[in-house]
Amino acid sequence: MKDREIRKKFRDYFESLEHQWHDSISLLPDDPSMLFTTAGMVQFKKHLLGDPGRVKRAASIQKCLRTTDIDEVGKTSRHLTFFEMYGNFSFGDYFKKEAVKWGWDFLSEQIGLSPENLHATVYEDDDEAFGIWKEHLPAERIHRLGEEDNFWKMGDTGPCGPCSEVLYDRGEETGCGRAECAPGCDCDRYMEVWNFVFTQFDRQSDGTLKELPKKNIDTGMGLERLNQVVNGLDSVYETETLSPLMDKARREADNFNLSSARILSDHARAAAFLICDGVSPTNEGRGYVLRRLIRRAVKEGRKLGGDFALWEYASLAVDIFAEYYPEILERARHIAMVIKSEEESFLGALAAAERILEGYVEEMKNSGDETLDAEKVFKLYDTHGMPADITASILEEKGYGADIEGFERLLAEASESTDWKEKSEADSFWNEVKDLEKTLFTGYGEYSGEAKVLKVAGGGRGIVLDKTPLYAESGGQAGDRGVIRGENGKFRVLNTIKEEDIFIHTGKLEGDIPAGSRVTVEVDISARRAAERNHTATHILQTALRELLGTHIQQNGSYVGPERLRFDYTHMEPLTGEQIKAVEERVNSYIMKNLPVEASEMDREEAKEKGALAFFGEKYGKKVRAVSVIGNEPGEPVSMELCGGTHLRNTGEAGLFKILSESGIAAGVRRIEAVTGEGALEYINRKLEILSETASLLRTPQDNLPDKISKLLGEIKEKKQKISDLENKLASGGGSSEKTVRAAGAELVIREFDSAGPGVMRGWADSQASSGGRAALACGRSSSGAMIILKLSPDLAEKYDAGRIVSRAAEKLGGSGGGRKDMAQGGGPETEGLGAARDSVISAFNENN
């Protein structure tokens with residue numbers, strides 16, 4: 001049965017049972033407590049925790065990412081980091097009987113799995129579930145398991161409940177062969193297909209279980225695992241969404257092995273989806289997970305050999321999933337560029353890291369240690385971007401271990417904060433406002449109005465109204481400021497936020513504004529209009545970038561507030577000065593044309609057909625609001641984007657657009673910061689003042705500044721060269737600080753320099769190591785630290801590696817170093833270690849003779 005057919009059957013079946021279909025959300029959930037979307041229930045978390053709202057039944061196919069079992073990927077036939085999950089959910093509606101019956105009917109009738117191969121597990125005390133399953137299975141194929149396997153809980157207290165799993169018996173020949181092998185065994189015989197969570201209790205602080213008034217159903221079924229058992233395959237890697245990647249590895253590898261091919265296939269598609277959803281490789285948080293996946297895949301790809309390129313595997317994954325996730329096809333070029341860049345970066349870093357690691361291995365051989373200490377594992381990660389698991393893998397191949405637990409502690413200490421663990425401001429009010437009706441937003445057409453107070457929350461820090469003209473922070477636009485006035489008090493609104501369409505005005509209460517009272521609400525018009533100038537400008541900016549640089553440009557995040565705008569976009573290279581100038585001119589030309597800006601509601605599919613661009617990271621309903629900048633030609637908008645923000649009436653109201661900076665923030669992601677209107681005018685005036693002051697200091701007209709500065713720089717360069725020539729003459733003369741050490745393998749000339757630059761030290765070393773059998777070590781001190789430079793004669797460079805010697809010696813200075821076999825330099829902040837660094841170099845010649 002084809003993958004497409006199974007997907008359709010699942011959706012059709014549960015829609016026929018009055019389940020509301022929900023598209024997959026991003027892998028980056030709108031939940032500060034979660035790093036990634038790990039299950040289908042994530043987008044329904046609030047509903048499952050007691051706030052069903054208007055949704056009673058739901059179903060979805062959710063893309064998920066889990067890294068808890070990353071080390072198992074490649075070793076087994078079933079472990080994955082990226083996977084898709086079928087799920088059906090009930091929020092206070094149906095419960096166990098319906099969930100089990102519908103699950104059974106779908107598997108046995110809709111999909112056609114053999115009932116004789118199906119088993120069920122239930123929680124050991126759940127007689128109700130056992131009884132329900134007896135209507136479909138004989139008792140000997142219903143298995144009671146303990147709390148560890150079949151009881152779900154969020155924490156020590158709160159919602160919880162028993163689980164029930166459907167397992168598929170793949171046959172005795174696929175198992176471990178033990179007589180006691182049965183459901184619950186870790187082998188591959190009994191494949192978990194579907195998990196049902198029956199959330200029916202509220203665990204109290206004393207450990208007792210209290211029945212929930214409204215019980216929920218949360219189910220999850222791995223798409224790849226279902227495809228495997230439906231089609232009688234031996235592995236999830238043989239299913240339709242993974243087998244093309246495995247086949248590519250088989251065709252192209254010089255040294256094919258199953259484990260490396262599995263890791264490569266899984267990680268390539270995981271990386272593609274993470275980049276699609278906005279993650280870039282970094283050394284922290286989500287970016288570090290992506291970096292680990294890419295670098296681990298590259299390492300395994302090198303084992304396979306052949307003409308390997310990871311970005312090609314990711315591009316193949318894009319083609320496989322484009323039918324189900326159109327957004328991944330739209331970002332295909334960006335995905336390929338990011339992976340290619342990270343792949344090249346890693347291969348360069350890997351060579352340096354492997355040299356350092358070889359030195360560590362030599363040290364462990366000499367000392368008898370079998371485990372690389374955490375500090376060195378962390379240094380490889382922090383300095384060279386080497387993920388700890390890759391370090392551990394390389395060491396394992398050499399018969400050594402790595403202190404990964406210690407590394408994790410150091411990593412936690414180095415991370416001052418993690419954005420996904422921080423509690424949002426909206427979350428702090430949620431429990432108080434979650435039962436209120438959604439807020440009516442009136443701010444598209446008015447800046448003031450009357451409203452009723454529904455709730456005063458957070459001890460007077462927040463107010464919820466039945467309607468408001470204040471825009472709530474979302475879609476990159478800052479929340480409005482303003483004032484709420486009551487009969488006996490005033491509330492200064494410092495920000496407006498929202499959660500589940502409930503607007504929360506946060507700020508400071510003066511006097512008394514009780515719930516139920518009538519109030520007047522006023523928007524800070526000056527701040528709102530400034531934010532609107534910046535917001536409309538971001539739409540025009542994206543148009544200008546796509547027109548000038550190419551349609552691969554896509555928004556990757558933004559911020560628009562009263563004071564400035566920030567626009568993140570996908571592009572691999574920095575903009576040149578000429579390109580920045582061209583972008584500014586194009587945006588300002590649209591502003592000067594005074595083009596109309598219009599907003600209209602339409603079906604999401606209609607908006608897509610008209611070419612509307614979607615805002616990065618937003619979740620859209622079936623009805624969307626499209627904001628268009630209307631061009632001179634009827635029916636041909638300059639810009640059209642799905643956007644819920646507030647905008648100008650025409651582009652001319654933006655006044656002026658000025659770019660402040662253009663920079664890279666991650667691999668393949670650039671950032672433009674800019675100002676408009678009064679902000680742009682203030683910026684230009686400040687620059688003109690600086691220009692005037694500079695001309696005054698240099699006593700030259702402003703128009704003559706470039707020539708004047710160029711002349712001064714030339715004079716400075718000439719004088720620096722004269723100083724350098726004098727220093728080199730002094731250095732080449734030798735002196736009392738110079739000595740010769742006859743090591744076992746070479747004649748080593750050593751000289752200490754005070755406050756000399758690297759050019760002087762390098763020049764001296766070159767002059768001393770020109771004849772055979774000689775090496776020169778220059779040691780320098782300065783206020784910022786210490787430096788060493790080692791030069792080897794050509795014959796010594798065939799026997800020794802200056803880069804490796806200096807790398808080890810620089811550790812004594814608290815730093816690092818490296819270079820070529822014949823010349824290397826290093827340094828660090830600890831000048832007191834210079835003697836030890838010198839001794840390390842001397843001992844290297846003695847040891848290796």
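This is a predicted model: local features need pLDDT of at least 70, side-chain atom pairs count only at pLDDT 80 or more; totals for chains, interfaces and linings use all residues.
## Helix H20

Helix H20 covers residues 677-698, 22 residues in total. From its first C-alpha to its last, the helix reaches 32 Å, which is close to the 32 Å expected at 1.5 Å a residue.

Four residues of H20 are named here by position: Gly677, Ala680, Tyr683 and Ala695 are its buried residues. Why do they line one face of the helix? Seen down the axis of H20, the buried residues fall within an arc of 130°, so they share one face. As background, an α-helix has 3.6 residues a turn, so residues three or four places apart point the same way.

On the face of H20 turned away from this buried side, the exposed residues are Glu678, Glu693, Ser696 and Leu697.

## The second largest pocket

The second largest pocket of the model has a volume of about 1,400 Å³. Its lining is made of 37 residues, and those closest to the centre of the pocket are Arg66, Glu165, Glu192, Asn195 and Arg225. By residue type, the lining divides into 17 nonpolar, 9 polar and 11 charged.

Which elements give two or more residues to this lining? They are the strands S3 (82-91), S7 (158-169), S8 (190-203) and S9 (209-222), together with helix H6 (223-230). S8 gives the most to the lining of the second largest pocket, with 6 residues.

Conventions:
Residues are numbered from 1 along each chain as its sequence is written. Side-chain values use heavy atoms; hydrogens and water are left out. The expected span of a helix is 1.5 Å times one less than its number of residues. Buried means under 20% relative accessible area, exposed over 50%, partly exposed in between (1.4 Å probe, protein chains only). The arc is that of the directions from the helix axis to the C-beta atoms. On a 1 Å grid over the protein atoms alone, a cavity is a set of points where a 1.4 Å probe fits but cannot get out, and a pocket is an open set with protein on both sides within 12 Å along at least five of seven lines; lining residues have an atom within 4 Å of a point. Grid points are joined across faces, edges and corners, and a volume is the space filled by probe spheres set on the points. Ala, Val, Leu, Ile, Met, Phe, Trp, Tyr, Cys and Pro count as nonpolar, Asp, Glu, Lys and Arg as charged, and the others, Gly among them, as polar.
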